[in-house]
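This report describes selected structural features of a single model. It treats helix packing, charged pairs and backbone geometry in turn.

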Amino acid sequence: MEANGTKPKAYLCRRFTENVEAAMDDRYDLRRNEHDGILSPDEIVHCAQGSEVLFASATEQINEGVLRRLAPTLRYVATLSVGYDHIDMAAADELGIGVLHTPDVLSDACAEVAMMLMLNACRRGYEADRMVRTNQWPGWAPTQLLGIGLKAKRVLVFGMGRIGREVAARARAFGMEIHYHNRRALAPELAAGALYHADLDDALRIADVLVIAAPGSPELKGVINAERIALMPPRAVLVNISRGDLVDDDALISALSTGRLFAAGLDVYANEPNIDPRYRTLDNVFLSPHMGSATQETRDAMGWLLLNGLDALRQGDMPDNLLNPRSTPPFS
Ligand code: DGY
């Protein structure tokens, strides 16, 4: 509540959890996208006119045009995601619009989905489910659905940030040998015994299982291409929980089709939700619909992190989940 008793105007681009929306209604004069469809940039501008706060998610393209057309009234964008590659941060900085995101609280949930994908890819989860569900199971057989075990395999975590480290901890519990590639080596207490590879190409040569957990960014677009897949050991497995466009779809689909890669597990895709249709035809890819952080408790925690961050700004503090503190004026 502002000093004059009015609540700041806010627009909610996607429906958040019930608990979080109730708290938002308390704090803001909130309008929402009732139907929860994905809004185009023009629709966002139209719907959010006059808002000081824009609650968004990774499905909204908050580009320069959106920010310019909503400024100067718009003061903050609060995205229900750890990734912020959908937001033009340079324009936000220039316009003095603060951007909040949701790190940490989703790391466990995302790592669980990485393991779900890894296990289903290695142990042929899609084919197994289909065999039973469609009544095609002839009964137990010694050579039925032979997969790849995780124990003693080398997993390469590409992007050993908060989520990557949680993946590593879980993979370690499965008896895997942990390797990672980052721009910089981690301090020993964070690496927890994982072996650092400064060079991605060298790292891929030992990757029995590659888990892509690096943040989405224009520089990493297409980084996992045909040449790099060719460096991986035969029958390696690829898991992607980051952003779809880090992987070249043609290269991955070709490697899966020829058996050069044993399998893949994908939670993210280029051009979501209109994924490359060839993935649907492959038995050796396990697909999930960008659901890394989709648990009730995690989505609640993400929403609270945004609300608490905005509350802190209103009290004159700089919350840790504010991405651009130097460009962000106080919430007055
Ligand atoms: C994130 O938090 O960035 C997830 O990918 C959901 O958008």
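The sections below concern a predicted model.

**Helix packing**

Two packed helices are described by the angle between their axes and the distance between the axes. For helix 5 (residues 107–122) and helix 7 (residues 162–173), the axes come within 8 Å and cross at roughly 50 degrees. Helix 5 and helix 7 are therefore oblique to each other, and the crossing in which helix 5 passes helix 7 is right-handed. On the side of helix 5, the contact involves Ser 107, Asp 108, Cys 110, Ala 111, Glu 112, Ala 114 and Met 115. On the side of helix 7, Arg 162, Ile 163, Glu 166, Val 167, Arg 170 and Ala 171 take part. By class, the residues of this contact of helix 5 with helix 7 comprise seven nonpolar, one polar and five charged.

The axes of helix 1 (residues 18–27) and helix 12 (residues 296–314) come within 9 Å, with a crossing angle of roughly 20 degrees. Because angles under 35 degrees count as roughly parallel, helix 1 and helix 12 are assigned to that class. Helix 1 passes helix 12 in a crossing that is left-handed. Helix 1 contributes Asn 19, Val 20, Ala 23, Met 24 and Arg 27 to the contact. The contributors from helix 12 are Gln 296, Arg 299, Asp 300, Gly 303, Trp 304, Leu 307, Asp 311 and Arg 314. Divided by class, the contact of helix 1 with helix 12 has five nonpolar, three polar and five charged residues.

**Salt bridges**

The whole structure contains 23 salt bridges.

| Glu 94 | Arg 68 | 3.0 Å |

In the salt bridge of Glu 94 with Arg 68, Glu 94 belongs to helix 4 (residues 89–95) and Arg 68 to helix 3 (residues 64–70), so the pair ties together parts that are 26 residues apart in sequence. Glu 94 is exposed, at a relative accessible area of 57%, whereas Arg 68 is partly exposed at 36%.

The relative accessibility of Asp 108 is 39%, which counts as partly exposed. Arg 170 is partly exposed as well, with a relative accessible area of 22%.

Where does Asp 208 fall, buried or exposed? Its relative accessible area is 16%, and because buried means under 20%, Asp 208 is buried. Arg 154 is partly exposed, at 26% relative accessible area.

**Surroundings of Asp 29**

Asp 29 is placed in strand 2 (residues 29–32) and is partly exposed, at a relative accessible area of 36%. With neighbours within four places in sequence left aside, Asp 29 is in contact with Lys 7, Pro 8, Lys 9 and Ala 10. The C-alpha atoms of Asp 29 and Val 53 are 10.0 Å apart in space, and these residues are 24 apart in sequence.

**Backbone geometry**

The peptide bond from Ala 71 to Pro 72 is cis, with omega near 0 degrees; Pro 72 is situated in the loop between helix 3 and strand 4 (76–79). Glu 272 and Pro 273 are also joined by a cis peptide bond, with omega about 0 degrees. Pro 273 is in the loop between strand 11 (261–266) and strand 12 (285–287).

Asp 36, a residue other than glycine, has a positive phi near 65 degrees. Asp 36 is part of the loop between strand 2 and helix 2 (41–48) and is partly exposed at a relative accessible area of 26%. Arg 235 has a positive phi near 60 degrees. The loop between helix 10 (226–231) and strand 10 (236–240) holds Arg 235, which is partly exposed with a relative accessible area of 47%.

How values were computed:
Residues are numbered from 1 along each chain as its sequence is written. This is a predicted model: local features need pLDDT of at least 70, side-chain atom pairs count only at pLDDT 80 or more; totals for chains, interfaces and linings use all residues. Side-chain values use heavy atoms; hydrogens and water are left out. Helices (H or I, at least four residues) and strands (E, at least two) are DSSP runs, numbered from the N terminus. Buried means under 20% relative accessible area, exposed over 50%, partly exposed in between (1.4 Å probe, protein chains only). Contact means heavy atoms within 4.5 Å. Axes are lines fitted to C-alpha atoms, for helices over the stretch in contact, and angles run from 0 to 180 degrees between N-to-C directions. Angles under 35 degrees count as roughly parallel, over 145 as roughly antiparallel, 65 to 115 as roughly perpendicular and the rest as oblique. A crossing is left-handed if the near helix is turned anticlockwise from the far one by less than a right angle, and right-handed if clockwise. Ala, Val, Leu, Ile, Met, Phe, Trp, Tyr, Cys and Pro count as nonpolar, Asp, Glu, Lys and Arg as charged, and the others, Gly among them, as polar. A salt bridge is a side-chain nitrogen of Lys or Arg within 4 Å of a carboxyl oxygen of Asp or Glu.
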